[in-house]
Amino acid sequence: MNAPQTGLKHAPAGGLDVERIRADFPILRLKVNGKPLVFLDNAASSQMPQPVLDRWNRYQMTQHSNIHRAVHFLSETATAEYEGARKKLAAFINAKEEREVIFTTGTTDAINLVAHGYGRKFVGPGDEIVLTTLEHHSNIVPWQMVVEEKGARIRVVPVNDRGELIFEEYLKLLGPRTRLVGVGHVSNALGTINPIREMIVAAHGKGIPVLVDGAQAAPHMKLDMQALDCDFYAFSGHKMFGPTGIGVLYGKAGWLEKMQPYKGGGDMILSVTFEKTIYNVIPGKFEAGTPPIAAAITLGAAADYITGVGMERIHAHETDLLDYATDRVNRLPGVRIIGTAEKKAAVISFVVDGVHPHDVGTLLNEEGVAVRTGHHCAQPVMTRFGIPATSRASFAFYNTHAEVDALVAGIRKVQKAFG
Amino acid sequence: MADSKQLYQEVILDHNRKPRNWGVLPDATHKAEGHNPLCGDHLTLTLKLRDEAVDAINFQGESCAICKASASMMTMAVKGRSRDGAERLFQEFRDLATGKLDAASPHHLGRLTVFAGVSDLPTRVKCAILPWHTLHAALNSVASTTTEADEDPMHAPIGGSA
C-alpha cells in the first residue's frame, strides 16, 4: 500500500491553517475577470487539492488496468488499489463492513440504485414513501418513478418558516403503509441540518428503513454509519474534494443482500448461462461493468485528505465562516437570508430585493465571486418560500473571511447598479 | 470572458426598472405564456393584430432584468410592424443573442443590439430570448412556450441548424 498523501501537516495545534490549506488547491490561484477567484459554490461541486490530483495521475501513469479480471501485475495492482479505496471509504463513514460500501457514479446514481433495488421490489400498491420538502430533486424523482409504477404514493414532511422540518408532522406521516423514509442530511438549498438520528429512531420504531441523502454532509461533518444506524446513506465524490463520476451508496448488508441488482452486466455475476445467471455477492452485485476505477481510488485520497485536515477543525472553521457571513449579509438592507435553521451547514441562500438571482450571479461573477443562482434542484423548497430562485453562497474549509467580505462588497455593487 | 458590464448597460437597467407596455390587453387577439422553468422566468404576452400588423402589445410577469428589459424593448420594437416583420425581427434577435448574426448583412434590430453581450453568457441567452419565443408562440396561436429543451438554442441537437 502507498504512504498517505496527506498527514498531520495541515493540522496545527488549535485551529485550521487556512492559508496553508489554500496552497494545496491550484485552482484557487485563478483570476476571473481580472479578480482573484472567490469560489463560493462548494455545495454544487468542490475543488481538488494537489495530493488528490496527484493520486489520479499516479494511478493513470503507473497503475491502470481493468480490475477483478486478469492475473497480471497491473490488474492486481489496480484491483488492490480499488478495493483499498473501498476500505478507506468504509473507515471514513465507520461502516461495519467494507462490503456495505457500493461505488456508484454519484449520489443520484446511489439513490436510483435504492429506488430500483429496494423500491421496485418492496413497494406495492397503496404503499407510501415519506420524503421531505427539503429534498433535492434527485431524492424526489426516482421515488416518483417507483410510486407511479407501483400505484403507491409519496407523503411529504413540511418545513417551518426557518426551513426546519416539523418533527411532529413527520411522526404523523409514519404509518403502516410507509415503506421507506428518504431524507437529506443537509439541505443543499438552505443548509438546514436535519435531525436524522431522531428521524431514524422514530422510523425504526415502526420497522421502516431510512435512506439518507448525505451529498451535502459528507464534506462537512463526521459520518458514523454504525452510530447513525441508517439503512442507506448516499454521497458524491466531487462534493468532498474528489473527482466527478464517483459516489458511494452505503447500505446495511442485510438490505443489500435482499435487494435486486440495479444494472446487469459483467462483474455482478458469479455464473452466466443463457438459462440462468447467478448474481455476485455484495458489493459486486451492484457494480456491473468496469467501474470508475481511477475516480474511486482518487476519492479514497480525498477521504485521506479530509481526515488529515481533521473534521473537527473543518467543522469549527466552517461554523466560524457561517456566523461571520450570516452577520455580514444580515447587515445589508434589502437582502434576506432564506433558511435560518438553528442547525445549519455553511450555506447562505439569499434574495436581494428587486433583483433576480440570475442578475445577482452574473454581476457577482464580474467581481470574480462564484455563487450558484437558481432553484438549486429543489423547486419544492422555492415554492414553500414563495420565490422562484435564490443566490447561494456555500463554503468549504478553504474559504476565508476576506472572501465573505468580497461577497458582501459584490452584493453592494449589485444593489448600486439596480438602485 | 463574459462582459456583463457591457450587458448591464443603463438602457437595460432602465427598462428593467420601468418596463414599457406593461400589463395585459383586455381585447387581445393573441396571447401566450412564456416560461423558463430552470430560472423561474415567466411572462404573459398579449397582443392585438389588425390587418396583419401588431396594433397593440403588452407583457407582464416575473423575471430577471435581462428578460424583462428584453420583453420591454421587444414590445416597442414590434409595435406597428407587420406579422412577417415581427417574425423576421425574432429571427434576427435570436441570431444576435446566440452570436450568429452576420454583421455584414443588413438587419432591423436598432437599439436591440444592446443585447449582443448575452452571446458571451451562454446561461443567460435564454433569458433574453424568452420574450421573443413567447411572441412567436402568440403569433402562431400556441398557448405556452419555453426556452428549455428543443426550443433552447443551448440544447439544440449537435449538428442542428441555428
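Q: Let us begin with one residue: is Cys377(A) buried, partly exposed or exposed?

A: A residue is buried if 20 or more other C-beta atoms lie within 10 Å of its own, exposed if 12 or fewer, and partly exposed in between, with C-beta atoms placed from the backbone. Cys377(A) has 19 other C-beta atoms within 10 Å, so the residue is partly exposed. This is a predicted model, in which local features need pLDDT of at least 70 and side-chain atom pairs count only at pLDDT 80 or more, while totals for chains, interfaces and linings use all residues. Residues are numbered from 1 along each chain as its sequence is written, and chains are lettered from A and ligands numbered from 1 in the order in which they are written.

Q: What is the phi of Cys377(A), and where does the residue lie?

A: Most residues other than glycine have a negative phi, and most peptide bonds are trans. Phi of Cys377(A) is positive, near 55°. The residue sits in the loop between β16 (372–374) and α13 of chain A; helices (H or I, at least four residues) and strands (E, at least two) are DSSP runs, numbered from the N terminus. In chain B, Asp51(B) also has a positive phi, near 50°. Asp51(B) belongs to the loop between β2 (41–50) and β3 (53–62) of chain B, and counts as exposed because 7 C-beta neighbours lie inside 10 Å.

Q: Which residues does the cis peptide bond join?

A: The cis bond is between Ile282(A) and Pro283(A), with omega about 5°. Pro283(A) is in the loop between β12 (277–279) and α10 (293–309) of chain A.

Q: How many residues of chain A touch chain B, and how many of chain B touch chain A?

A: Two residues are in contact if their C-beta atoms, placed from the backbone, lie within 7 Å. On that basis, 14 residues of chain A meet 15 residues of chain B.

Q: Which domains does the assignment give for chain A?

A: Domain bounds come from an automatic or database domain assignment. For chain A, domain 1 covers 11–40 + 310–418 and domain 2 covers 55–307. Their C-alpha centres are 28 Å apart. The contact between them involves 21 residues from domain 1 and 22 residues from domain 2. On the domain 1 side, α11 (311–330), β14 (347–352) and α13 (379–384) of chain A each give two or more residues, and α11(A) supplies the largest share, four residues.
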